[in-house]
Amino acid sequence: MFTLNVNGVDHEVDVAGEMPLLWVLREELGLVGTKYGCGVGLCGACSVLLDGQATRACAIPIAGLRGKVTTIEGIGTPAAQHAVQAAWIEHQVAQCGYCQPGMVVSAVSLLSRNRDPSDADIDAALSGNLCRCGTYVRIREAVKSAAAKLREAHA
């Protein structure tokens, strides 16, 4: 039995210790916003925040999990969007949308540490998230837009 905090709520799950966090989220907790991509932590589709840092959920066995998990479902809601989510819509970032939860999570992680990222900062922070549709230019613009809104909100 493992206890984990996801999106501010404690959960107990009875699973094998080697089960990756990704499958606990999707199969045990029904949080399907986090996507399965490569399964080895290389594509970023399964990104979640672990104590605020973007982390690959497919590469963390539940027995090794330490910290609070935030999934895409915990970042914002349609009624109360995070600035990154609002910017994604404003800049029409999503095409197929499969990689977008991981991209948004990585962008939120970046902006929690750096409210004025350069192009190089954005590229570096999101370099581990792959988008087969190639929306990288729109992603960069959305991150800059979200950063500006967060700076205004905290000015």
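Which residue of E4 is the bridge partner of Leu-49? The legends below take up this pairing and then a helix contact, all in a predicted model.

**View 1. Strand E3 and the directions of its side chains.** Strand E3 covers residues 47-50, and from it Ser-47 and Leu-49 point one way, whereas Val-48 and Leu-50 point the other way. Whichever way they point, all of these residues are buried.

**View 2. The hairpin of E3 and E4.** Strand E4, made of residues 53-56, runs antiparallel to E3 and is joined to it by four bridges. Within this pairing, Ala-54 of E4 is the bridge partner of Leu-49. The two strands form a hairpin in which two residues lie between them, and Asp-51, in the turn, has a positive phi of about 50°.

**View 3. The pairing of E3 with E5.** E3 is also joined by two bridges to strand E5, residues 68-70, and these two strands run antiparallel. Here Leu-49 stands opposite Thr-70 of E5.

**View 4. The crossing of helices H3 and H5.** Two packed helices are described by the angle between their axes and the distance between the axes. The axes of H3 (residues 100-113) and H5 (residues 136-153) come within 11 Å and cross at roughly 40°, which means that H3 is oblique to H5. The crossing of H3 and H5 is right-handed.

**View 5. The residues where H3 meets H5.** From H3, the contact is made by Met-103, Ala-107, Leu-110 and Leu-111, and from H5 by Tyr-136, Ile-139, Val-143, Ala-146, Ala-147 and Leu-150. Sorted by kind, the residues of this contact are ten nonpolar, with no polar and no charged residues.

Conventions. Residues numbered from 1 in each chain as written. Predicted model: local features only at pLDDT ≥ 70, side-chain atom pairs only at ≥ 80, totals over all residues. Heavy atoms only, no water. Buried < 20%, exposed > 50% of the residue type's maximum accessible area, 1.4 Å probe, protein only. Pairing = 2+ DSSP bridges. Axes fitted to C-alpha atoms, helices over the stretch in contact; angles between N-to-C directions. Parallel < 35°, antiparallel > 145°, perpendicular 65-115°, else oblique. Left-handed = near helix turned anticlockwise from the far one by under 90°. Contact = heavy atoms within 4.5 Å. Nonpolar A, V, L, I, M, F, W, Y, C, P; charged D, E, K, R; others polar.
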